[in-house]
Amino acid sequence: MMPQENTGVATVLVTAATGKTGHRVADRLTALGHEVRRGSRGGTVPFDWADRATWEPALRGADAAYVNYYPDLAAPGAPEDMRALGRLAAGAGVRRLVLLSGRGEPQAVVAEDALRECGLEVRAVRASFFAQNFSEGALADGVAAGELVFPAGGTAEPFVDADDLADVLVAVLTDERPGSSVHEVTGPRSLTFAQAAEEIAAVTGGPVVYTGVTAGAYAGLLTDFGLPAPEARWLAELFAELLDGHNSATADGVREVLGREPRDFADFAKEAFGTRP
């Protein structure tokens, strides 16, 4: 299943279009000739997960939508939001929804099922921890400072490259064959966070040291950086739950969808950190 040029799905709403996966998906769809609605809180197509009034106008007339929920499908209220979005999408004439979901998240599956109640084609892509979280996400500042603090212990994770993930998302958005599906995508090998730090350090030439902390301690750090305490606790506990070892095995989703091997973490590190001073 490879990304298709604009012969089937013509107009696609991309939610969270300025985010880590959203801008990648939107750029790829545009390059393929699709009409892309880049939905975001401050964009030309207003779309705000906290304001349901923005949802239907953004969906109206779209053939498909990339659904990237904030803050996470495991968050309280996500199933209700997915159920509401599905109803609005069906009423707006959308035929396909591609949902970014979490790998090994039972509560995310509950939200997936709520979205499926709309009766449209729903294609869920369940992704492992992004490699780009080290270079673009919340961990980037710590990595740049030489210290990676996270509540992962010695658990290994098959980090997925966000570019591989975007390629998969675009392929399932534009595939002309009908039907719903579930795809699980990871990188080709599992590394501990300490090993990931070592591979980044090998590229930068400077120290990047991993320090494992408890979920409670990490929540305190997030609070110190300005995150509200309840959200900080929930996020830290979610990370600890996901990184308890049950997600350590790799999956074949990239190969199954794209017909090629997923990109290795070492290649990500060379590209993301190799040109930095």
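This is a predicted model: local features need pLDDT of at least 70, side-chain atom pairs count only at pLDDT 80 or more; totals for chains, interfaces and linings use all residues.
Residue numbers start from 1 along each chain as its sequence is written. Local features need pLDDT of at least 70 and side-chain atom pairs count only at pLDDT 80 or more, while totals for chains, interfaces and linings use all residues, and side-chain values use heavy atoms, with hydrogens and water left out.

Helices here are DSSP runs of H or I with at least four residues, strands are runs of E with at least two, and both are numbered from the N terminus.

Start with helix H1, residues 22–31. After H1 comes Gly33, with a positive phi near 95°.

Now the H1 and H6 pair. H6 covers residues 162–174, and its axis lies 9 Å from that of H1, at an angle of about 50°. Axes are lines fitted to C-alpha atoms over the stretch in contact, and angles run from 0 to 180 degrees between N-to-C directions. From H1, the contact (heavy atoms within 4.5 Å) is made by Arg24, Val25, Arg28 and Leu29. H6 contributes residues including Ala166, Leu169, Val170 and Leu173.

The second pair is H3, residues 78–92, and H4, residues 106–116. Their axes come within 7 Å and cross at roughly 20°, so H3 and H4 are roughly parallel. On the H3 side the contact residues are Ala78, Pro79, Met82, Arg83, Leu85 and Gly86, and on the H4 side Val110, Ala111, Ala114 and Leu115.

Last, the cores. A nonpolar core is a set of buried Ala, Val, Leu, Ile, Met, Phe, Trp, Tyr and Cys residues joined through side-chain atoms within 4.5 Å. The largest has 29 residues, and those touching the most other members are Phe134, Phe150, Phe159, Phe193 and Phe265. Strand S7 (147–150) and helices H7 (193–204), H8 (215–224), H9 (229–242) and H11 (265–273) each give two or more residues to this core. Beyond its neighbours within four places in sequence, Phe193 is in contact with residues including Phe129, Phe134, Leu148, Tyr210 and Leu243. A second, separate core has 28 residues, among them Val67, Ala89, Val94 and Leu120.

Technical notes. Buried means under 20% relative accessible area, exposed over 50%, partly exposed in between (1.4 Å probe, protein chains only). Angles under 35 degrees count as roughly parallel, over 145 as roughly antiparallel, 65 to 115 as roughly perpendicular and the rest as oblique.
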